[in-house]
Amino acid sequence: MSASLRDILRSAPREGGQKLGLTICEVSKIWRQLIDLRLMHLGVSNARWTVLLALNDFEKPVSQKVLAEYIGIEGPTLVRMLDRLESDGLVRRKPSKKDRRVKLVELCKKTDELLDSMLSVAIGIQKELIQGIPEQDLVTCHKVLLTIKDRLSTQLDKKSDHE
């Protein structure tokens, strides 16, 4: 980046489009840190909760590969996480009946109460953070974030098509 671009960025107002990406990254990081802090008493980190919540979204056994892609992490990272979750009795892995090389992952019954507790914490955090912000502002913010998310996904899809 040239010195003039750095100067422009440095002097840009915090609100508006020029520093939006930075703000999104900061909000995401701090939000995850707060979730980690609030879930600590349950023995769950943000990373663990992300895996468990994703498995809950699928509502049926899912392959490790699909789960890793859905969460947006590398396969080996997921495998280490699943090893710990499985040893804690929260998930179960089993070979696919269609392809024995594929491992399917599902939640154990023991996880139901934990998921309810985790969701309660997350909903509580969200309520605290948006308290006092007009609903229309939240709707607009969410629409903008969803638009950015869709554009990012499209860019990633284009990149993977060219590889």
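# A walk through the helices, strands and salt bridges

Leu20 lies in helix H2. The model is a predicted one, in which local features need pLDDT of at least 70 and side-chain atom pairs count only at pLDDT 80 or more, while totals for chains, interfaces and linings use all residues. Residues are numbered from 1 along each chain as its sequence is written, and side-chain values use heavy atoms, with hydrogens and water left out. Helices (H or I, at least four residues) and strands (E, at least two) are DSSP runs, numbered from the N terminus.

With a relative accessibility of 33%, Leu20 counts as partly exposed; the classes are buried (under 20% relative accessible area), exposed (over 50%) and partly exposed (in between), with a 1.4 Å probe and protein chains only. Leu20 belongs to a nonpolar surface patch with Ile24, Val144 and Leu145, and together they have about 280 Å² of accessible area. Such patches are made of residues with over 30% relative accessible area and no salt bridge, nonpolar side chains (Val, Leu, Ile, Met, Phe, Trp, Tyr) being joined within 5 Å and like charges within 9 Å. The areas come from the Shrake-Rupley method with a 1.4 Å probe, and for residues only the protein chains shown count as cover. At least two residues of the nonpolar patch come from each of H2 and helix H7 (135-162).

Helix H6 can be followed along its length and then around its axis. Its 20 residues (residues 111-130) should span 28 Å at 1.5 Å a residue, and the end C-alpha atoms are 28 Å apart, which agrees. The expected span is 1.5 Å times one less than the number of residues in the helix. Thr111, Leu114, Leu115, Met118, Val121, Ala122 and Ile125 are the buried residues named in H6. They lie on the same side of H6, because the arc they cover around the axis is only 125°; this arc is that of the directions from the helix axis to the C-beta atoms. An α-helix has 3.6 residues a turn, so residues three or four places apart point the same way. On the other side of H6, Glu113, Asp116 and Lys127 are exposed. The packing partners of the buried residues in H6 are helix H2 (20-39), helix H3 (46-58) and strand E3 (103-107), where contact means heavy atoms within 4.5 Å. Just after H6, Gly132 has a positive phi of about 85°.

Buried residues in H3 include Trp49, Leu52 and Leu55. Just after H3 comes Glu59, with a positive phi of about 65°, although Glu59 is not a glycine. Most residues other than glycine have a negative phi, and most peptide bonds are trans. Glu59 is found in the loop between H3 and strand E1 (62-63) and is exposed, with a relative accessible area of 73%.

Salt bridges are the next topic. A salt bridge is a side-chain nitrogen of Lys or Arg within 4 Å of a carboxyl oxygen of Asp or Glu. By this rule there are eight salt bridges. In one of them, the side chains of Arg38 and Glu128 meet at 3.0 Å, N to O. This pair links distant parts of the chain, with Arg38 in helix H2 and Glu128 in helix H6, 90 residues apart. Arg38 is partly exposed at 31% relative accessibility, and Glu128 is partly exposed at 43%.

Another salt bridge joins Arg93 and Asp83, whose closest N and O atoms are 2.4 Å apart. Arg93 lies in strand E2 and Asp83 in helix H5 (residues 75-87), so the pair ties together parts that are ten residues apart in sequence. Arg93 is buried, with a relative accessible area of 17%, whereas Asp83 is partly exposed at 39%. Asp83, Glu86 and Arg93 are linked in a network of salt bridges.

Strand E2 (residues 91-95) also contains Pro95, which counts as partly exposed at 34% relative accessibility. Not counting residues up to four places away in sequence, Pro95 touches Arg100 and Val102.
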